[in-house]
Amino acid sequence: MNKIDIGFLGYGTRALEALFQDSRFNVKYFLTPKSRLCDEVWDCEKKYRDKVKMEIISNKAELRDRFAEIKDVKCFLMNACPFILTEEILNSKDVYNIHPGDLHNNRGHHPHLWSVLLGERETEICLHKVTPEIDLGEVIESIKIPLEGTENSLEVLDKAEDEIPRLLDALYEYLTGKRGIKYSFKTGTYRPALKYEDYEINEADTLGDIDRKIRARFMHNGAFFNCGGKRVYVDKIISAEESSDNYFGIKDGRALYAANGFAAVFNIKKITDLKGNKISL
């Protein structure tokens, strides 16, 4: 079996780990975006530094120049990368992206958050060839992921990423000429990065709406109430009951809220001003 020389671009450490564990691939480059350095990335750098040097990339111009210099890999695998790759960048390297969402309805940034917010009962994880158009192009493989409807965004991502080894099977077979593309994708709903209004709790929200907002933002402090110029972030519904009242208050580290036919108690994760500066309870 001939090994394929490959590079990795992104901060999706489960994909990088899977590449290193797959004997069919030889990882020669590890490029990671400066804006997404985190503990998991540094842990991978430490774990694999004897095999490959981690290179920190600040912007697309740096990535373009680095790609132009690299001549000894067949392609790059990308997972969780904030850079939108231009035609100029892609002319020098083939790049294949792992996208943890259904491309028909969930293109774009952080699809696992949108899966929760939209209340999806099924998602996908896809491997596709990158084009200058975001999350469009030739799909090598896509795998359906059933959801219970109660998962938080991290659990949705974990379920999807459990299938990464199967995507690597498809990538290897594709690169060695043993399979073609699964289908070509030219359209689909694009979801932008979540904005504050997407996870702000308001009086029109049902309890189910609030629950989805909290679970969607589980990895980022939950949803929030806008209260007198402060954002009160909550990450758990502790209790709820029917009610005709309307109120909001804070007591003993809990948010007390009633509207739209229910009253509920929430765990407070943190409180910030409108600029994001933390405020004590």
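Contact here means heavy atoms within 4.5 Å. The views below are taken from a predicted model.

View 1. Residue N79 is found in strand β4. With a relative accessibility of 3%, N79 counts as buried, because the cut-off for a buried residue is under 20% relative accessible area. When neighbours within four places in sequence are left aside, N79 is in contact with F8, L9, G10, Y11, G12, A15, N97, I98 and E161.

**View 2. The open sheet of eight strands.** The strand order is β3-β2-β1-β4-β5-β7-β8-β9, and the pairing is mixed. Strands β3 (54-57) and β9 (183-185) form the edges, each pairing on one side only. On average, and with direction ignored, neighbouring strands of this sheet are turned by 30° against each other.

**View 3. The pairing of strands β7 and β8.** Strands of a sheet pair through backbone hydrogen bonds, either parallel or antiparallel. Strand β7 (residues 122-129) and strand β8 (residues 137-146) run antiparallel and are joined by seven bridges. Within this pairing, T123 stands opposite I145 in β8.

**View 4. Helices α1 and α7 against the sheet.** Helix α1 (residues 13-21) lies across β1 (4-10), β2 (25-33), β4 (75-79) and β5 (95-99). The direction of helix α1 is at about 160° to β2. Helix α7 (residues 164-175) also packs on the sheet, where it touches β1, β2, β4, β5, β7 and β8. The direction of helix α7 makes about 155° with that of β8.

**View 5. An aromatic cluster of five residues.** The residues F225, F248, Y257, F262 and F266 together form one aromatic cluster.

**View 6. Charged side chains over aromatic rings.** Residue R191 lies over the face of W114, at 5.7 Å from the ring centre. In a second example, the charged end of K270 sits over the ring of Y233, 5.4 Å from the centre of that ring.

Methods: Residues are numbered from 1 along each chain as its sequence is written. This is a predicted model: local features need pLDDT of at least 70, side-chain atom pairs count only at pLDDT 80 or more; totals for chains, interfaces and linings use all residues. Side-chain values use heavy atoms; hydrogens and water are left out. Two strands pair if DSSP finds at least two bridges between them. Helices (H or I, at least four residues) and strands (E, at least two) are DSSP runs, numbered from the N terminus. Axes are lines fitted to C-alpha atoms, for helices over the stretch in contact, and angles run from 0 to 180 degrees between N-to-C directions. Buried means under 20% relative accessible area, exposed over 50%, partly exposed in between (1.4 Å probe, protein chains only). Rings of Phe, Tyr and Trp (its six-membered ring) pair if their centres lie within 6.5 Å; planes under 30 degrees apart count as stacked, over 60 as edge-to-face and the rest as tilted. A charge sits over a ring if NZ of Lys or CZ of Arg is within 6 Å of the ring centre and within 35 degrees of the ring normal.
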